Structures are given as structure tokens and as C-alpha cells.
Amino acid sequence: MAAEEVKLLKTWSSRFGLRVVWALKLKGIQYDAIDEDLSNKSALLLQYNPVYKKVPVLVHNGKPISESLVILEYIDETWKQNPILPEDPLEKARERFWAKFNDEKLLPSIWGAFTKEGKEREEAIAAAVENLKFVEEELKGKKFFGGEKIGLADLAFGWLAYLICVFDEVTGFKIVDERYPLLLAWMQEFSQLPIAKDNCPPHDKLVIKYQALYEKLHPAK
């Protein structure tokens with residue numbers, strides 16, 4: 001049987017690429033990582049993702065799969081070890097719901113608090129607070145979103161475990177604070193997992209990247 005060829009096109013700091021890295025590591029899949037420069041997209045990226053022209057893209061035996069949550073499900077269905085989605089249809093739907101909630105509600109609201117100014121920032125912070133309350137409620141009585149083992153939702157929310165402290169440092173205000181003890185405990189638990197601890201971008205490098213972005217978005221008056 002021919003060896004499987006697995007490539008992952010991503011960037012060094014991509015929140016969406018990193019969740020795919022975690023899934024591949026969780027499954028024990030060997031892969032070649034190709035870091036893209038999105039200001040000068042490679043012919044490979046444009047070939048494999050001509051529709052969105054974005055990372056991440058997983059290439060399995062020459063066939064590309066795009067969009068990180070789609071990739072996570074593909075990985076789970078292709079390699080059965082260490083499942084990231086439960087068998088039970090209701091539990092599976094719940095994991096998908098919270099992963100989508102992260103991408104469509106929580107992440108944009110926190111990103112808005114980082115990028116926007118004035119009234120728009122206040123609205124983004126208010127939305128983030130509301131969204132974080134929902135997350136806190138969902139974690140009641142659980143170690144991870146699916147229970148005792150990490151799953152799809154944990155991989156989707158994983159960016160919180162390493163990037164929130166960067167945002168705090170750059171902006172000077174805390175978004176995830178003592179109002180959310182269960183989420184803080186989950187962030188600590190997730191950050192200590194070998195797949196996360198061994199594969200997160202360097203904190204100092206992230207601070208430099210986001211500090212430069214923050215100063216560009218919020219120039220001194």
C-alpha cells in the first residue's frame with residue numbers, strides 16, 4: 001500500500017490552520033506543513049483553493065480540502081483513531097453547533113473589540129461579553145466541551161487558550177476575566193494538552209505581530 005501524502009497549507013499564526021494542526025497531531029498523522037505568505041499567495045495555494053484563495057488547505061493524496069471545520073470533519077472520517085466527534089447524533093450536532101458559534105459569533109465579537117474604535121468597539125465588547133456568558137454556561141459540569149475528552153468544539157475554541165493573553169497584553173484590557181471561571185479553567189486545561197503546548201506559535205512573536213496590527217488600526221491621535 002502506497003504511503004499517504006498529507007500536506008497542510010497554513011500560515012505560522014493562523015487560528016484556523018492551528019486547529020487543523022492539533023487535529024492531525026491528535027490523530028498521529030504525519031504531514032508536511034507549508035507556511036504561506038498571504039501578501040504573496042503561492043501558485044500552490046491558488047491551485048488548491050481557487051474559490052476562497054485562503055488557508056488552511058489540507059491536501060490528501062493530491063486532493064485538496066478547504067475550510068477548517070470541513071477539514072476537521074474530513075480528518076475525523078478518514079482517520080478513525082482518537083475521534084473528535086462522538087457517535088451519538090445529538091452530541092455530534094452539539095459539537096458542530098458550538099464550533100460554528102465560535103466562528104460566527106464569539107471570534108468575530110472579540111476580534112471586533114480588538115480592531116474597532118469608539119461606539120463600534122463598545123458594541124463589539126458588549127457582544128463578546130454576551131457570547132462568553134453562553135460559553136461559560138455550556139461548560140458547566142464539564143472538563144471539555146464534549147465532556148472528558150477534547151473534540152471538535154474544543155479545537156474550534158482552542159485559539160482562546162493562547163491568543164487571549166496576547167490580546168490582553170496588546171490592548172491593556174481583559175476580555176476573559178474572573179466572570180468566566182469555567183472558561184478560564186478550560187483555557188488552562190487546553191493549553192496544557194501536549195498537542196497545544198507543543199504546537200502553539202511563540203507568544204513573543206504573536207505579541208509583536210498583533211502589537212503592530214493594533215498600532216496600525218489605532219494610530220495615536
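Author: Helices (H or I, at least four residues) and strands (E, at least two) are taken as DSSP runs and numbered from the N terminus. The model is predicted: local features need pLDDT of at least 70, side-chain atom pairs count only at pLDDT 80 or more, and totals for chains, interfaces and linings use all residues. Residues are numbered from 1 along each chain as its sequence is written, and side-chain values use heavy atoms, with hydrogens and water left out.

Thr171 belongs to helix α7, which comprises residues 159–171. This helix of 13 residues reaches 17 Å from its first C-alpha to its last, close to the 18 Å expected at 1.5 Å a residue; the expected span is 1.5 Å times one less than the number of residues. Buried denotes under 20% relative accessible area, exposed over 50%, and partly exposed in between (1.4 Å probe, protein chains only). Because 11 of its 13 residues are buried, α7 is largely enclosed by the rest of the structure. Among them are Trp159, Tyr162, Phe167 and Asp168. The buried residues of α7 pack against α1 (15–27), α4 (89–115), α6 (152–157), α8 (181–191) and α10 (203–217), where contact means heavy atoms within 4.5 Å.

Thr171 itself counts as buried, at 17% relative accessibility. A polar atom of the Thr171 side chain lies 2.7 Å from the backbone oxygen of Phe167, and the Thr171 side chain reaches the backbone oxygen of Phe173 at 3.2 Å. A polar contact is a pair of N or O atoms within 3.5 Å; within protein, one must be able to donate a hydrogen and the other to accept it, and residues adjacent in sequence count only if both atoms are side-chain atoms. Leaving aside neighbours within four places in sequence, Thr171 is in contact with Phe114 and Tyr214. Just after α7, Gly172 adopts a positive phi of about 85°.

As to the aromatic side chains, the whole structure holds 15 aromatic pairs. Rings of Phe, Tyr and Trp (its six-membered ring) pair if their centres lie within 6.5 Å; planes under 30 degrees apart count as stacked, over 60 as edge-to-face and the rest as tilted. Phe101 and Phe134 form an edge-to-face pair, 6.2 Å centre to centre with 90° between the planes. Phe101 is in helix α4 and Phe134 in helix α5 (residues 118–138), 33 residues apart.
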